[in-house]
Amino acid sequence: MPASTLLFWNKLFDEKKPRSWWQRLRHWLSLALQLIILAAVVSALVDPLWSWQKEKQRRLVLVLDNSASMQATNSDGQTRLEAAKQAATAIVRSLRDGDQMAIVAAGGRPEVIWGMTNHQRWLTDALEATDATDAPAAIEESMELASRLLSGLEGEGETIVLTDGCSPGIEGWEEREDLQVLGVGESTDNIGITRYQVRRSLIDAIGYQVLVDVTNYSDEPSECRLELDLDGSLIDVLPLRLEPNETLTRIVNHTSAAGGTMNAKLDANDALTVDNAAQAILPTRNKIPITLYSEGNLFLASVLNSIPLVDLTIQADYQPGGKQAAIHVFDKKLPDELPAGPVLVVDPQQKSQYFEVGDEIDQPIVAKVDTDSPLAQHMRLDNVLFPGAKRLEFAESVQNNVKMLIQDPYDAPLLAQIRRSSGDVVVLTCSLEKGDLPLRIAFPVLIKNTVEWFQGESGQLRPAASAGEMIAIRIDAIAAAGSTNSADVTAETPNEDLTIIESSLPEDQKEYELLAPDGSTSPVAVGDSMATIGPLLEAGVWQLRPVAAEIQKEDSENAEVADSGNSPREDSELTSDAIPIACNLVSSVESDLRPKVELPQAKELDGMVLGGRSIWFYLTMLALCLIAIEWWLYQRRIVG
């Protein structure tokens with residue numbers, strides 16, 4: 001602006017001259033600070049390392065325990081696995097430049113979640129995606145896998161284990177120099193189901209037994225209730241009182257022809273819920289079609305009708321090619337050739353292709369009984385007469401396959417079993433009208449034993465698997481009714497440690513799939529009539545089922561189209577020919593939530609985040625501080 005004189009301005013400047021030396025250099029200091037800030041930013045972009053960092057680059061393998069016990073809830077409402085993930089994230093963020101890390105999950109089986117990398121984002125994402133399993137911990141196996149990952153790598157190798165300390169053998173881990181074990185969680189009391197199985201009764205066609213163990217893992221007595229239900233229908237409620245560290249065993253007997261899923265639920269408010277429930281498969285008992293060929297035998301018809309699950313049909317004569325029955329019963333009169341399938345012959349009056357009928361036996365008193373045979377069990381026949389019994393002469397073709405079950409003092413057969421590939425033949429040489437055998441308890445027991453023997457014992461027990469276990473399923477193991485008894489069917493097992501489950505799936509099926517409790521499916525390979533699945537890492541009911549032909553065709557067409565964008569099939573509907581497999585935790589190790597040893601806690605690992613940063617981090621922090629100082633001294637405006 002034009003001014004008439006500068007006299008007054010000069011006078012004002014003389015009065016306001018800088019009184020301090022640093023005020024005279026204010027512009028030089030500002031320039032110096034800005035140059036230092038620029039140098040710090042450039043140095044940060046160069047990303048230098050300390051010399052000791054270059055010489056000691058670390059190679060870490062983080063073993064994350066994601067077993068069933070890691071689902072236990074702490075007093076702060078956080079699960080042990082969540083606490084372990086938080087500590088693991090702190091370790092990832094503490095990685096220095098040049099360090100590398102891999103992550104191994106140790107729930108049920110060792111699994112590499114992410115391989116060696118220095119990309120922190122990938123590692124943290126892999127940690128977040130790791131879910132808890134319902135299987136026991138495999139810490140030892142995971143540490144062996146970590147050693148293999150570290151072998152051959154340059155730099156210092158170290159394994160860090162994040163666990164709750166409940167695994168056996170943890171006492172000797174602190175002796176290893178290359179191993180650091182950090183604990184998560186706190187010692188917690190717990191009650192859990194540690195054994196659970198259901199089986200059909202061997203003496204009652206519709207009976208079954210439930211075996212359950214409940215253990216109290218605490219130093220105080222506890223009370224709870226155990227509820228049993230079959231497909232939602234309440235069966236029993238058992239009140240339980242458990243002393244400290246006590247295991248109670250309960251065996252419950254019930255009857256039901258219907259099968260399904262037998263559920264056990266423990267009414268206990270504790271930190272771990274996965275061991276408060278268990279499931280098992282109860283096989284269904286189906287009706288047995290039996291045809292009696294007789295001109296009228298009230299005793300035999302009454303006994304067959306009294307056996308549960310028997311669907312009896314009575315005919316006068318056997319007609320080849322007619323309606324086929326699961327079991328054929330012939331009274332006196334025999335056809336020229338006995339049909340295939342299980343056959344019971346009572347008081348034969350004529351020969352067959354397996355034996356000749358001779359004269360009556362004088363004084364046919366019972367002298368010998370093969371009590372080891374299922375057909376002759378639970379009977380008392382000492383000195384009992386079998387009036388009207390006739391001598392039998394067996395054909396040479398079957399003499400090696402004949403088993404004498406009941407004999408007289410002269411070893412004449414009164415009850416005999418003929419083994420054949422198309423179905424066993426049981427012959428009772430006794431006239432039911434001439435003696436009092438039909439009035440004795442032994443007679444209905446004998447007929448019941450025979451019918452159940454023909455039916456076979458397959459399906460008496462379909463074992464419930466333990467989480468983390470491998471299961472082998474025989475595709476062609478169960479013989480249909482009318483063929484050999486299942487006890488005689490043998491197959492090679494791939495591993496003696498595997499649990500073998502019998503099935504009736506079609507052997508000629510090309511593809512099978514495994515349906516998990518969460519609805520996801522995975523393909524199953526079948527070789528030598530065996531399907532090996534597992535380890536099962538989730539508690540619940542799994543399903544092995546054939547893949548439908550149209551699904552196989554659809555999958556084949558999708559495989560031919562690259563980048564088709566089709567998502568995997570998520571059909572969770574169960575089919576009638578699916579084989580259910582129950583899987584439970586039932587682990588005394590995982591249910592005991594008290595650590596075996598006292599471990600250094602991983603709660604304070606967030607403090608490690610700043611300790612291992614590279615120099616560029618501190619240079620950037622210095623630059624930010626200098627910017628703030630420069631603004632405070634020279635850029636802000638003071639009014640007053």
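Which residue in strand 5 is the bridge partner of Thr 163? Select Thr 163 and look across to strand 5: the partner is Gly 183. Keep in mind that this is a predicted model.

**Stop 1: strands 4 and 5**

Now show both strands whole. Strand 4 and strand 5 run parallel and pair over five bridges. Colour strand 5 by accessibility. Four of its five residues are buried, so the strand counts as mostly covered.

**Stop 2: Asp 164 and Arg 80**

Move on to the loop between strand 4 (156–163) and strand 5 (179–183), and pick Asp 164. Its salt-bridge partner is Arg 80, with the closest N and O atoms 2.9 Å apart. Arg 80 sits in helix 5 (residues 80–93), so this pair ties together parts that are 84 residues apart in sequence. Are the two residues buried or exposed? Both Asp 164 and Arg 80 are buried.

**Stop 3: Glu 433 and Lys 332**

Select Glu 433 and Lys 332. Their side chains form a salt bridge, 3.2 Å from N to O. Here, too, the pair links distant parts of the chain, 101 residues apart. Glu 433 is in the loop between strand 22 (425–428) and helix 9 (442–455). Lys 332 is in the loop between strand 15 (327–331) and strand 16 (343–346). Why does Glu 433 count as partly exposed? Because its relative accessibility is 45%, and the class runs between 20% and 50%. Lys 332 is also partly exposed, at 26%.

**Stop 4: Asp 370 and Lys 403**

Next, pick Asp 370 and Lys 403, whose side chains meet in a salt bridge at 3.7 Å, N to O. Asp 370 lies in the loop between strand 18 (368–369) and strand 19 (390–394), while Lys 403 belongs to strand 20 (residues 402–407). They are 33 residues apart. Lys 403 is partly exposed, with a relative accessible area of 35%.

**Stop 5: a salt-bridge network**

Select Asp 219, Asp 592 and Arg 594 together. Salt bridges link these residues in a network. How many salt bridges does the structure hold? The count is 19.

**Stop 6**

Finish with an open sheet of five strands, in the order 23-31-30-26-27, with mixed pairing. Strand 23 (465–466) and strand 27 (521–524) stand at the edges. Each has a single partner strand, so one side of each has no neighbour in the sheet. Then zoom in on strand 26 (residues 512–515) and strand 30 (residues 540–546), which pair antiparallel over four bridges. Click Glu 513; its bridge partner in strand 30 is Arg 545.

How values were computed
Residues numbered from 1 in each chain as written. Predicted model: local features only at pLDDT ≥ 70, side-chain atom pairs only at ≥ 80, totals over all residues. Heavy atoms only, no water. Salt bridge = Lys/Arg side-chain N within 4 Å of Asp/Glu carboxyl O. Helix = DSSP H or I, 4+ residues; strand = E, 2+ residues; numbered from the N terminus. Buried < 20%, exposed > 50% of the residue type's maximum accessible area, 1.4 Å probe, protein only. Pairing = 2+ DSSP bridges.
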